[in-house]
Every structure is written in structure tokens, then in C-alpha cells.
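This report walks through a structure for a reader who has not seen it before. The sequence and the model come first, and the description follows.

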Number of protein chains: 2
Amino acid sequence: MHGFSRSARVLNPNRLFCHSRVKHLPRLALRSFTHNAVLLNHSNPSPSSGTTVSDPESLRVKAREHAVSFPRRTHHCGALTLQDDGAKVVLAGWLLAERKAGKTWSFFQLKDSYGSAQLIARVGPNATNDLLAAMSQAPTESAVMVEGIVHARPENQCRKVPSGDVEVEVMNFILLNAADQSLPFLPSRADKLGELPSEELRLQYRYLDLRRNELSSNLRKRSEVAHIVRNILHSEGFTEVETPLLFKSTPEGAREFLVPTRISTRTGDSSSTSGSLTSEPLFYALPQSPQQAKQLLIASGAVDKYYQLARCFRDEDGRKDRQPEFTQIDMEMAFVSWGEGEDAAQNPNTDQWRIGGQEVRDVVEKLVRTIWSKVEGVELPERFKVMTYAEAMSRFGSDKPDTRFGSEIRDITNYLPQTLRHVLASEGNILEALVVNKNDHEAFQRGAKKLKKSEVEQTQTGVNRIDVNSANLLNWSKGSQLIRDSIDPDAWSTEDMNSFLGVTPGSTIWLAKRSRIPEGGSTPLGRLRLALFEEARRIGGLTLPPEPHFLWITEFPLFTRADEDKEFLAHGRWSSSHHPFTAPMRQDVEKMYNGQINEVRGQHYDLVLNGVEIGGGSVRVHDASMQEYIFSEILQLNKSETASFGHLLHALRCGAPPHGGIALGFDRLMAILCKTETIRDVIAFPKTGTGKDLLFQSPTPTDPTVLEQYNIQRRGV
Amino acid sequence: MHGFSRSARVLNPNRLFCHSRVKHLPRLALRSFTHNAVLLNHSNPSPSSGTTVSDPESLRVKAREHAVSFPRRTHHCGALTLQDDGAKVVLAGWLLAERKAGKTWSFFQLKDSYGSAQLIARVGPNATNDLLAAMSQAPTESAVMVEGIVHARPENQCRKVPSGDVEVEVMNFILLNAADQSLPFLPSRADKLGELPSEELRLQYRYLDLRRNELSSNLRKRSEVAHIVRNILHSEGFTEVETPLLFKSTPEGAREFLVPTRISTRTGDSSSTSGSLTSEPLFYALPQSPQQAKQLLIASGAVDKYYQLARCFRDEDGRKDRQPEFTQIDMEMAFVSWGEGEDAAQNPNTDQWRIGGQEVRDVVEKLVRTIWSKVEGVELPERFKVMTYAEAMSRFGSDKPDTRFGSEIRDITNYLPQTLRHVLASEGNILEALVVNKNDHEAFQRGAKKLKKSEVEQTQTGVNRIDVNSANLLNWSKGSQLIRDSIDPDAWSTEDMNSFLGVTPGSTIWLAKRSRIPEGGSTPLGRLRLALFEEARRIGGLTLPPEPHFLWITEFPLFTRADEDKEFLAHGRWSSSHHPFTAPMRQDVEKMYNGQINEVRGQHYDLVLNGVEIGGGSVRVHDASMQEYIFSEILQLNKSETASFGHLLHALRCGAPPHGGIALGFDRLMAILCKTETIRDVIAFPKTGTGKDLLFQSPTPTDPTVLEQYNIQRRGV
């Protein structure tokens, strides 16, 4: 019925909202429900004319048609079963395209938010009583109500979908709200054919796009998961607390949204209301996370365990698949442990979780296990694996390793000639190798070839690539600048190394140095390993393990060498790797006070799923003196910066308990559960990558007189 | 131990955060758990000195004390029962004031977020092993951990509180985090004595105030109620959907918060980055409610029933007990009815709910009934009462009548002489009376006397007060300007009127005119009735019904005569009483199109509890033509105003179903359930009435360079 043509379906936005299109659609009013009769009241049965008019009289005529009373629904469209055979039902939903079954009857799909039902409509006894004609004339995607009788479908026509065993013989039809004849696109057609208009068009008409089964099912799944999360946390004794969104601007302000308020003029002295002398404008800020509020809450003792599905805000350059507002499952717990005693840490029977916060780990694992069990039908192990940051960086070159495949990185320092080992040691470096061998999956071997001189390989500075063949098998190190620079490669056979790495002719080797004490989120070889995996995936044939790989990463360095880009909290040589409230590992407290800053590990933990970080948290500093030491002695904050954390320091001094928590990225989690690449598909009304809302058309300029109320104005005016 | 003196406890905020106070508190580390021995490790047992120092070395010394490992809790303080008699337990919480039981032993209360337990501490064998001394020296409100043995209390010492049957003999004591010796105030003391410091001080140190039992119990109750709400709505098939907080500025902007964004410079053309030519600043706005988003969501068909505990924002002059951010239980449902058919409306057996949206009513009543049943233990009736706006205004002079007491207003027009009746009729008015008679409760009679010439009585313009005595019993109308102006009161006996109103010597009568078709939220007599009630309450002796009085108000006028104050949506003579998306009553659709605007009733419903409006909603307009007619013909919006609703109008044209919803004020509901006068007591981190956050110190000025990033600057600079 309705052809699908992208360009033709785009309504002219300039014309769209100025005029009403009067469509003389049949007016169908309910009279009574009679089994054998089709009772329709057609007034003005001419088809939609498409004429554009805007005079009040036609608005009147049009609108009156829909001010009717109608019966209550008896069932949802997806809820009919063979049990309902013979029952009279009232259904409501959206009328989808007609499928002609014969000259005198047709099938229609009726879809609602729960599923769809097959309708059968037959031609009526005369023109003014013709149910089939009325339904045929109703535009696709119109909101309608039908009354009818449920019949079992012939067995060979049953379908394995909700309501797939039955069909509904329509006895009465009410057009509740006719859809325009020319919609920007037809969601039902997109559902059926998988042909999606551009994302821009779909975001602009999000209310149509959300009608697609995929998006509506994502929204329902999101609600379901949120409910599971809340139920578990409640049963674990958590208290849901709402923290302020109109928060205080912090020294981290660069990524904050400011919110000007009229409060200055409301409470300012009256002398400033005239002339050019205005009060200083005042601002709230939208929080990037409820971190400070939740710590104060736990410090207060008001709740022992806090949670919130918290809206957070970040005003930053549109990074890939980020939204300026996002949601996290935010938790904090009082009296979490500070790590087991020395004995336990040395006990080989405990797993690698040696930091505090086990209570947080327990809850998160329970939460995730329950979600996967209920939503995915997958039973996860009782305990998730734990890996230290040092191990993750060594084996995978990443602090969020994807452990679904091998191709691990190897430290080859010990197989190098002594001269080279000494050079590396003096630099504080080690030499690592990533190797693809003949016994690796063919996709990886082909991927390795494709990577050669690819952009991704080229941008990994300091990486040497060597393609091993029978000619260079024992002196392939010649191909490495890194080795050549320090020793004569001809004087050294790679035989032992080959045996260690499994290298044979046809192998590909990448070599790179890295700092012995790992830093940052990834190494060049770690990035290459992921690029290799992506290539192999594209090539196909890889079988990834079906079960999700959850992994905790712990023992991150607490401080990171300050980067010039980061102005905040980096007056000295060090900045906090995560945030300045993270506690040091108990075992490293002395190191922190002794100036061995780069060796101090924090009580931070990240939860990683298939190489994606889905959450992170830590045990916090609860001792005001320690927090102050970190602020002033390590981060070298000035007085006014420290003062901006004054309420937190004082709260710690009021007997704050040891505490810790975590935040899980809810949008990212849902994108994984909904098997979609973008979080926009799991958010009802998302913004574009650059923060534009194409539906509500925001952000927008505002009137200068509005700005005046806030004592601000356009710059340079 | 700690005296309570308001002024003395206020820390000097200028000094507070600059320096650490080194307190050489006992360092108590756990060794092992031995039944008969008190194992303490005191190093440096000198009491807190209060000396203010800030050198790094003392920060180090201080902080190391607390970097200890400690055992997991076994119980919450409020969870111990006689069943635990003899058990070894580990408890954590805040140590409260000591009560000496004898020379060698003392009681302490240990409090956590769940309750408190009584501890017994005994003097140790020697000075370095003295558990009692260590606990006595620990400042009140310190975070501590104890290990001990549970003992049943002597029967006469049991108390009817959680853990009231037992006490815990302390075997080991760990000072987890010592509180300052001089806290701004002691929450435990406030709990015990009910002496509250000023609200300003409590808001500034909210993390201490929240430790009070009252506030922490309010937060837990709020979480509990939110959970009940969510569970019911989920079981009713609702889908929780998060709607955008970074929304679009609407023409109603006067009460909105704007949010400037850097998006303009990010995406602007490069030519504008230098010189004084800057891009135009762009703004999101924080929504006052998710009204538009939820209507689009339902229009989309993605979800059939939507809910959200939605954060909403309003930037307005601090009205009594308002917050700039607040929470509402927000719902919307597809395919809600548009009211019963004519037959049903005339059926005397149906109650007064004659509008549509019965589905919303059903859900809300179930929600409220369940909350009251679970939280208050009160079983509410299956159906809440329904009253039309007209009846509420006539009987109570209010659209949110408090029906817990009588003193109803009476229309006395028909008892007036014909001349006066004609005058009133020509004005379109009626004359009403509020009367306090001898058989009314004494508190009301005394209240009526107290009101005489009180401010509240004086400010009700056009109200005549008459005190009836035996001398003026039959011609008290002389005392009324309203009557005197039109007739000769001596020529008219009030005898019939007295009998109608029950007036006898000693009665007090207030008379006032009002428009025959009621308007607005209250009448002068309605306000007087409430003032009378407040006086009577203050006087005391009134017995209010114990059960809450829930009441639906329906059939509000859809449009209100435009008020000069309201610029928005009031270009013509009319503005929307609630919002422009509210549907007219089906029975009044023709009147709307025929220009009888003042007679059109809307499908709006308010839920009122004990005279407080706790929620409101409506069936919405789902027909684009009707919505456009309201915008352009009745509200007389101009094109750009109408265009700002373009997405909504277009969504209606895409086959939007009939729909309706409601929003309940969650903060207000919780204040009622927590029996507190202010919503600040049910919000974790509230702002003052003028929108200031005294804890986080917001709003604040910001740096001009920060504003530059948004292309704005301070006005007049």
C-alpha cells in the first residue's frame, strides 16, 4: 500500500506544522456489538484528499470525529491463545498493511505495544456498511479499535508468535485516530523489511522510530533490567536515595554543565537592579556522578547501603557513542573491608581479590548473575575472575582485556642478549612480543597479513613488525630497529626465542618496549592485539565463546604521572588515576607516605565484560588526614581547591565509616543486553553524537531578555 | 560527656578545612578474638589535644592509624534478639554517650543505620589494656567496631525496641574513625532530647543531621515507598522509561532552568572563533515535568503504560516549602477511555467520575491503597470519593477541599429578597455564607472570635462579618454592606435565613459574593474556612478523623479567563487552566467549538488528601486538529509558539492513541507519610526556600573564562 522511498517520505519541515491536513476519513462510531452484523456508521466516506487547509471550521469538523466514547480493551494483541477461541474481544492498536485474501475479504495485522494479532475483515452488505472498505481506507499506522470473535487458525497456518494460533474476525471497527497518509517512514515496513531510513531522520521522528519492534523491545528490556536491579538491591538491604542534580560547580568544571539561576537577583541587594551594575551571576552545575553526595550520605550513617539509578551529565566533545546525559547504577556501602589481613593475602587459596570492598564485589556479582539468568537465560559462575592491572597489562596490553580470545602478549626480555637487557633495565623498560603463528586460527593469520602497513599498525609508534620466513628464521631480529639499535643482530640467534614464542616460517611478530611498571589504559601491542581481533572477526570463521567473559581488574596504580592536558589536580607530578577519594591498598599505605608514589596501588576495581568496561568503583579514603595528605602533599592542590572539598573533609572528621562503592554504566550494560552497537538504541529520546536533540530541537538560542534575568548576556555584545 | 551548646559547637568555617587536627587517639588494632580477654593495643594513649597542625608528618601519623584491616560485621545493631544469647558478634556503628554503671563498668549505646545495641564495657587489668578507658576516650559519634558476646538482659531491663532484649559484653574494640571532639552538634543528643539546632546549621552540616533517627528513618521510608510504587506499576504492566533532562526551552520559559552548552563552539564555523564575533550561545532547559516526552512516548506505541519517578525542575521565587528540583511519580497510559457513553453518565448508579481516564484512576487508587496498607497499616476504601470542581467550590470554597471537618459554605441566594436576587443575577453572582453556630465545636466558636479583625479576615476582601446577638437576630443583614447596598435591611427579616443557616444569638456569619460559575482555586469564604480550622486546631480539643480523606476533584473548567500576569498562552481572553494538552469533556466538545468557552469542562482530575493536592492529571487531546484548534483559535498562539509544539502535533498525526496520565508529587506524599511539615525532611540533600544549598555551597559565581566557553559573559561587563 505504502511505498517506501526515503526522500519522498520526508515531510517538508517548514510546512509540516503550519497547517492541518484535512482528511475526510470515514467517521466510525460504535453502536452495539452484534455477532453477525457489521455495524458501521460512515459519514463522508470519501478517501483522504490530502488538501491542506487551516481554517477553524475544518479543524472543528476534523476534531469532532474523534471525540467519541469507546469500549475498554479486553485483551492485548499479543495475549490471545487457543483458550480464547470463540470469545468476543476488544483490541486496540495500530492497523498495519492489508493483505488481500480474496475479493471479499482481507487480512490485517493489528499491532500494539505487546504484540500483534491477525484480523480478518470481510466486505459488508452495502456501501455504507462496508467494514472491509473502511479498514482498507484507514491509513496504515492509524490508531484503531476492533471488536471481533477469536477463531483458531487452521493448523497449517499457525505461527510461533504470540497470538499466532488464532485470528480475529472483525465485527466492528473504530478509527480512533487516523495517521497521516504520508508519514516520514513506516515503522512497520522497517520492521518487516529491515530497511532503515537514515538515523538522522529516525531521530527527528523518534516517536515513529520507537514504534519499531526492536526499539520498543529495547525499552521494555531496559525497564525489566532496572526492576531486577532494584529488587535485588532492595532484598540486599540497600536504600534508594535521590541525590541533587542541581549541584555545585567543582574544580573539575571543564566537563560540567552549568545552570544559571535567578537566585542572585532574587536575593541580591536592591541597589544593583538599575544601571549597568549587576549582581554577579550564580550557577549550579549538573553532576558528572553522585560521588560526593553518596560519600556524604554514607558518612552520615543515615543509610548503610545506598543505591540509585542516577542520571549523570557530561558536557564534552561528542566522543563515539557518548550522550551528554547518561544513567548509572550507583552504589555505596558503609563498613566495607579494607582488604584481608596479611595472612589472608598470602593464602594461596584465596583468589586474586586482595583489596578491600569484597562486599561491593559480592553484591555486583549477584546483580549481574541474576540479570544474565533472568534476561539471557545464562547461568554465570558464582565468582567472576579477578586479574590485577599488572597482569592485564602484561598479558593483554589493556586494563579492560578481552579474554574471549588468546594471542597474549609475551615479555621476551629474558630471552634477549645481556647487552640489550641492560639497556632496557637502565631505561626501566621491558621488551614485549605479539605473535601470530601457523597454529593460530586462520582468520588471525589472514588478519595479520591485512594489518600490514594498515593505518592502525602504522599509528602504533615504536612497534616493529617482522614477517618471519625460512630465510630470516634465525636472525629475524635484524628486522627490528629496537634490537638493531643496541646489539648486532647477526651475532645473536633467535633460536631460543623462536622456541619460546613458537615462531616458524610464516609467523608474524610485533615487538614493542614498554615501561616495566605499566601505565595507562593500553600499550601499543594491546591496541594491535585488538585490531588483529577486529580484522579476524571481519574475515570470519572465528568462534567466540558463547558465555560472556566477566572480569574484575584490581590493583590499579593509585596515581598517574601528570599529563599536561589535565590541569585539574595535577599541580605536582601526580594526578589521581581515577578520583582523589580512592583509598590506597592497605599494603601500600607506607609507600604512599614514603614517597614511592608510582608503586602505590589503589583499592579500585573495574568490571569488564568482553573487553568493555561496564563499571568501576573503589574503597574510599575515610580518614580525613589521609585525604588531606593526598590533596595537599601528593596532588599539591592549592588552598582554594582543597577548600572546595571542605564539606567532604569535615564529614570524614565526623566519624565517617570505612566505605566503598561502584557505578555501573546502565546504558552500556543495556546496549550489550540488547545486542546493539549504540547506546542510542536503548535510550528513549537520545541526542546525536554532538549533543543535538533532533526531535525536540535542542539546544536553541534564547532571548536576550531571558539571559538578563540571570545577569548574563551573549559574549561580545 | 559532650555538652550541647549551639554557639560553642559551631566550627569556624574559615578554619575548618585548612588544617588537620591531630588527635593522639588510642590506636586499637584487632589481634584475635578471645572470650575472656580484652585485647587492646594502645599506642599513644594520650587524649585528644585539639592542637591544630597541618604539617605533612602529622597527617601521616594520623592517617596510618586507620589503615587497618578489620573483621566483617556479623549483625546489624538493631538485629539482635534473645536467640543470639551467648553468641559472639561483630558490630559496627557510631559510639554514643557513656552511661556509668559502676566504678569498673559502663554502658554505651552503639548505633548503626538499622538501630542500636547496648554495650557493656569493663575496666581492663592494666592501663595499656583498658577497654573501658579506650571506649571512654573515644569521642562520641566516632565510627567503631566491637566484638563481643550477646547476653540476655535482666527481664526488668528489657526494652521494647530492636535489640532491646539483649546487651553485648564488649571483648574487643576498634576505633575505625574518631569523630572530632567538637562537632557542630551531636545528632544523638538531638535524638534524645529533641533539641534541634537551627535549620540553617543543620542544612550546612547535613551529614550530621541525617544521622538523626528521624531523618534517616524518613529516607528509608521514602525508599520503601518508591519500591512499593515500582512493584505495583510493574505488576500492572507499566514500563519505566527515562526521559531527557537536557530538554528544550519552551515558551513557558519563565520558570525554567537554562543549561548553556559548548555545542555552539564545537560545531560552529571556524570564522567565529576569533575577534568579538562569537557564535550565538545555545541552551538546553531542564524540564518542569516530562509532559511532552511522555505524550510522545505513548504516541509512539513503544510502551502501552509508562511510568517514571521523574526529577523535575522549577526556577521560581522560593515559595513556601518548594524546592528547585523535586520528584514526581509520573505516569501515562495509552487507549484510556474518553468517558462513558451518555447512558452511563446518566446512570445514577455510577459515581461522579464522568470523565475519561478511569484506567488512570484505577491504578492510582490501587497504588495509594497499597502504600497506606503497607506503610501505615491503614486499609483505605476500594474507591476514593469523587467530587466535581463545581461542588467542591460550592461546599468548601476550594478546589482541594479538606473534608475532614464540616463548616460548609452555603448558597443563600434563594433566601434573599427578590431585588437583591435580581442584582446578583445581573452580575452573574451568588451570595454565600459561612456560619459558626452554638452547636459547632467549641474550638470553632472560639476560633471564630479569634479571627475577628485578624489579618487573615481583613485580607479577604468583600467579606462581611456579622456577630449575631439577641438584638440583631432578625435584622443582622444590616451589618452586611453587601446586603445594605441593594436593599433596606430593616424591611427584611432574616428569620427564614436563620432557620436555614441555624443562626441563633452567638452565631458568627461571614458573607461573600462569588461568580455563579466558579473560577480559580478558592473563594474568600473557602480561605476563611481554612483559617477558622487552623485557629480551632491551635485552640485544641478538635478530634479529626483518623483515616486519611482522599478525594478526586473532576470537571474543572478547561479554560480560565486570562490573567494579566500570565503572558504565556494568553494572547486571547483565555488560558488553559492546567496545560493546553488537556482534553475537553466529551459532553462539552460542542460547546468548545461553539464559543461557550467558559462552560467547557476538561478531562482533568486532581487527587486531594486532607486538603492537600498530591497529584493531578488528565486525558490528553490526541487529535491533532483539536489540539491545533485549541492552540490557534482559543489560546490564540502565534505561529512560532504553535511551531514550538510542532513535534507534538506531528506525533498526534502519526496515529497517536487516546491517552492520559497523572503525576503525583512524591516529596509531598512522603512528607505526609513521614508526618513532617516540610518536604526538606524527606529529601537527602535539600536546598533552602531560596534555593541555596548550604552544604555543597551552591549556587556559586564562576570564572569569566568558563563563561566564555559558552559564548556568554556577565551582563554589563
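## Contact between the chains

Between chain B and chain A there are 65 residue pairs in polar contact, both residues being at pLDDT 80 or more. A polar contact is a pair of N or O atoms within 3.5 Å; within protein, one must be able to donate a hydrogen and the other to accept it, and residues adjacent in sequence count only if both atoms are side-chain atoms. On the side of chain B that touches chain A, helix H8 (residues 213-235) gives the most, with eleven residues. The residues of that side of chain B divide into 78 nonpolar, 51 polar and 41 charged. Here Ala, Val, Leu, Ile, Met, Phe, Trp, Tyr, Cys and Pro count as nonpolar, Asp, Glu, Lys and Arg as charged, and the others, Gly among them, as polar.

The model is predicted: local features need pLDDT of at least 70, side-chain atom pairs count only at pLDDT 80 or more, and totals for chains, interfaces and linings use all residues. Residues are numbered from 1 along each chain as its sequence is written, chains are lettered from A and ligands numbered from 1 in the order in which they are written, and side-chain values use heavy atoms, with hydrogens and water left out.

## Area and salt bridges

The size of an interface is often given as the accessible area lost when the parts come together. Chain B and chain A bury about 14700 Å² between them, and 57% of this is on carbon and sulfur atoms. Buried area is the accessible area (1.4 Å probe) that two parts lose on being put together, summed over both. Three residues, B:Phe335, B:Phe696 and B:Arg715, supply 6% of the area that chain B buries against chain A, more than any other three residues. The contact takes 170 residues from chain B and 170 residues from chain A, where contact means heavy atoms within 4.5 Å.

The two chains also share 14 salt bridges. A salt bridge is a side-chain nitrogen of Lys or Arg within 4 Å of a carboxyl oxygen of Asp or Glu. The side chains of B:Asp315 and A:Arg262 form a salt bridge, with 2.9 Å from N to O.

Strand S24 (residues 712-714) of chain A pairs with S24(B) in the antiparallel sense, over three bridges. Two strands pair if DSSP finds at least two bridges between them. The partner of A:Arg714 in S24(B) is B:Ile712.

In chain B, the loop between helix H25 (704-708) and strand S24 (712-714) holds B:Tyr710. B:Tyr710 counts as buried because its relative accessibility is 0%; buried means under 20% relative accessible area, exposed over 50%, and partly exposed in between (1.4 Å probe, protein chains only). Not counting residues up to four places away in sequence, B:Tyr710 touches residues of chain A, including A:Glu256, A:Phe257, A:Leu258 and A:Asp315. In chain B, the residues that B:Tyr710 touches include B:Pro260, B:Thr261 and B:Pro281. The side chains of B:Tyr710 and B:Arg262 are joined by a polar contact of 3.3 Å. B:Tyr710 and B:Ile263 are 447 residues apart in sequence, yet 8.2 Å apart in space, C-alpha to C-alpha.

## A buried asparagine

B:Asn429 lies in strand S15 (residues 429-436) of chain B. With a relative accessible area of 17%, B:Asn429 is buried. Its side chain makes a polar contact of 3.1 Å with the side chain of B:Glu427. Leaving aside neighbours within four places in sequence, B:Asn429 is in contact with B:Leu424, B:Lys513, B:Arg514, B:Ser515 and B:Arg516.

## Backbone features

A cis peptide bond joins A:Ser698 and A:Pro699, with omega about -5 degrees. A:Pro699 is in the loop between helix H24 (666-673) and helix H25 (704-708) of chain A. In chain B, a cis peptide bond joins B:Ser698 and B:Pro699, again with omega about -5 degrees.

B:Gln636 is not a glycine, but has a positive phi of about 55 degrees. It lies in the loop between helix H21 (624-634) and helix H22 (639-643) of chain B, and is partly exposed, with a relative accessible area of 41%. B:Lys675 also has a positive phi, near 55 degrees. B:Lys675 is found in the loop between H24 and H25 of chain B and is exposed, with a relative accessible area of 61%.

## Chain A as a whole

Chain A has 25 helices and 24 strands. Helices (H or I, at least four residues) and strands (E, at least two) are DSSP runs, numbered from the N terminus. Of the 717 residues of chain A, 59% count as buried.
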